[in-house]
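My notes are below, in the order I looked things up.

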Amino acid sequence: MRAMIKIGIILLPLSFILLYLSAMNFQGGFSNSNVNELNIPPQNSVYLPFNLTNYSAVGFLYYTNGIRVNYYMLDSQAFDSVRSSLASGALIGSNATSLEADGALEIIYNSTSGMFPYQQGQQNTTAYALNSSPIIPGGEYYNVFENPGRSNATLYYVLTIKTQEEISSSIFSTGIYALIGVSLLVGGIIIVFYAIITRPKRDEPGIDEQARELYASAARRRQGRRRPGRRPRK
């Protein structure tokens, strides 16, 4: 039984290691992109194009050096409608409202940080989001930034793109780790519990043996009380 308990105890830390590897594998599949830097002159705009060959998961995160900027994620149709303005150095500005019905996936105004898909809770910003899903169809897209202020803005950003095949592969490998980890965890608990409840109990002395020991103990006490004496002379 001691061997079973040892096996169960060994399985428990192994299960935790596999569950940890499962979490790290899933996180690593979506966080292996580098942080890039971009400078945006005052009263100017810059854009970052990217292309998707088919449906893919897109994650985009940015933050600035404290200078507030406007952010637009546009499809090719929406970008074509403002391309000439950006080429001439003009800001999208008041024309941004029309983009909401013309192919804009997300718009965030007057912000020092943001992400796609848009998350609620950002302070001092007004935002438009077409939907909250990171999965978007294939095509050409543009991350557009404009700096309406009078100071140079430094922007740091991370763009992560995962195709459906990469997502499926990551989920599959993560699921294998998780399944084995959970199986070892449950198996270890069952083995330890079973070994404890089936452990043989120590044999207790029988009633007859207990009685004999009591009689023997009483006899020894009586003998100890007796003292040798001399017979009286006649």
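**Overview.** I'm working with a predicted model here. I counted 5 helices and 10 strands in the chain. I then checked burial: 29% of the 234 residues are buried. For contacts with a separation of 6 or more, I found that 81% join residues 24 or more positions apart. The accessible surface came out at about 15500 Å², with carbon and sulfur atoms holding 56% of that.

I looked up the largest pocket next and got a volume of about 270 Å³. Its lining has 13 residues, and Val58, Gly59, Phe60, Phe116 and Thr160 sit nearest the centre. β3 (56–64), β6 (113–116) and β10 (153–163) each put two or more residues into that lining, with β3 giving the most at 5 residues. By type, I noted 10 nonpolar, 2 polar and 1 charged in the lining.

**Cores.** Which members of the largest nonpolar core touch the most others? Out of 22 residues, I got Phe60, Tyr62, Tyr71, Met73, Phe116, Phe145 and Leu155. Elements giving two or more residues to this core include β1 (36–40), β4 (69–75) and β9 (139–147), while β2 gives the most, with 4 residues. I also spotted a second, separate core of 13 residues, with Leu74, Phe79, Ile92 and Ile107 among them.

**Leu155.** I listed what Leu155 touches, leaving out residues up to four places away in sequence: Asn36, Glu37, Leu38, Ile40, Tyr62, Tyr63, Thr64, Val69 and Phe145.

How values were computed
Residues are numbered from 1 along each chain as its sequence is written. This is a predicted model: local features need pLDDT of at least 70, side-chain atom pairs count only at pLDDT 80 or more; totals for chains, interfaces and linings use all residues. Side-chain values use heavy atoms; hydrogens and water are left out. Buried means under 20% relative accessible area, exposed over 50%, partly exposed in between (1.4 Å probe, protein chains only). Contact means heavy atoms within 4.5 Å. Accessible areas come from the Shrake-Rupley method with a 1.4 Å probe; for residues, only the protein chains shown count as cover. On a 1 Å grid over the protein atoms alone, a cavity is a set of points where a 1.4 Å probe fits but cannot get out, and a pocket is an open set with protein on both sides within 12 Å along at least five of seven lines; lining residues have an atom within 4 Å of a point. Grid points are joined across faces, edges and corners, and a volume is the space filled by probe spheres set on the points. Ala, Val, Leu, Ile, Met, Phe, Trp, Tyr, Cys and Pro count as nonpolar, Asp, Glu, Lys and Arg as charged, and the others, Gly among them, as polar. A nonpolar core is a set of buried Ala, Val, Leu, Ile, Met, Phe, Trp, Tyr and Cys residues joined through side-chain atoms within 4.5 Å.
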